[in-house]
Amino acid sequence: MSEIETLRDALAEDFEPRAERALARWAVTTRDDTVAGVACQVVEPAEGAVSGTVLHFFGGGYVSGKPEFDLPITAAVAALAKVRMVVPRYGLAPEDRFPVGLNQCIAVCRAVAMEGPYSLSGESAGGGMALAVAHAGFADGIRSPDAVVLYSPWGDLREEATVRCEAIDDPTLTGDDLRVAARSYLDTASPEDFRASPALAPVPQGWPDTLLTTCTCDLLGPTVRALAVRVEAAGAVCELIDLDGLCHVFEVYDEYPEGIDTLRRAAAFIAARQPVT
């Protein structure tokens, strides 16, 4: 079995029951849709009017994952903020290497932005994807999101960035996991490419209000904190939630009450900034 197959199997074993519990906990509905030719999962509150749209990207190192595994986040935010969560099934490496998935997500973003106000969110690699899509939107003239929410985003794919962080004891993520995923995703592309490592890109003026989350045991914590500094230096509002202990993307682990508290804060952050549609 390849390293990628091992990662995929481990993720499925861990997150399939979490997805089931999320659907049991939160009053939401799910359906399949196609946006800009890309298959998506749509998560909506089961009751009440929908007040806006959040384009969300799932994590998994660009080599694993699917929208269902992010239901602990998307179902909670949909129910709490009364928003529609659109989650693209973007292509994963090694079958679809960089920039295939990114181009798919940009296309979905363009379509969602044409429909009205929206926000962007994502966790881990999905957080990096959301960041890359936001930068692409500025470059391509796509309507800017009203808010950006990134849960432990993986925005720097350089190997030296991973090595600098490996002293952190993260029970859910290793430097080897990141290096294997990055090599598969990038293939011959450079990790210095801002589209692949958007945390390295200059933050433009007019950047939307941003919420970042991490914790002291998050392997990606140092890069998340550095990103917060860059966003603030550009004059944008940046709220950083940085908790003691826990682990990478603790919001998807329903055994942590801090995860639910953070999702409530994220939902309130989005709801306060996204106009009713």
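I take contact to mean heavy atoms within 4.5 Å. With that in hand I looked up M129, and, leaving aside its neighbours within four places in sequence, I found M129 in contact with F57, Y62, Y90, G101, L102, C105 and Y185.

I noted that this is a predicted model, in which local features need pLDDT of at least 70 and side-chain atom pairs count only at pLDDT 80 or more, while totals for chains, interfaces and linings use all residues. Residues are numbered from 1 along each chain as its sequence is written, and side-chain values use heavy atoms, with hydrogens and water left out.

Next I looked up the nonpolar cores, each a set of buried Ala, Val, Leu, Ile, Met, Phe, Trp, Tyr and Cys residues joined through side-chain atoms within 4.5 Å, where buried means under 20% relative accessible area with a 1.4 Å probe, protein chains only. The largest has 59 residues, and those with the most contacts inside it are F57, L120, M129, V133, W154 and Y185. Helix 4, residues 125-140, gives the most to this core, with 8 residues. I also found a second, separate core of 38 residues, which includes V43, V77, Y151 and I260.

Turning to the whole protein, I counted 8 helices and 8 strands, taken as DSSP runs (H or I of at least four residues for helices, E of at least two for strands), numbered from the N terminus. Of the 277 residues, 56% count as buried. Among contacts between residues at least 6 apart in sequence, 80% join residues at least 24 apart. Finally, I noted that the C-alpha atoms fill a box of roughly 45 × 40 × 40 Å, taken along the principal axes.

How values were computed
Buried < 20%, exposed > 50% of the residue type's maximum accessible area, 1.4 Å probe, protein only.
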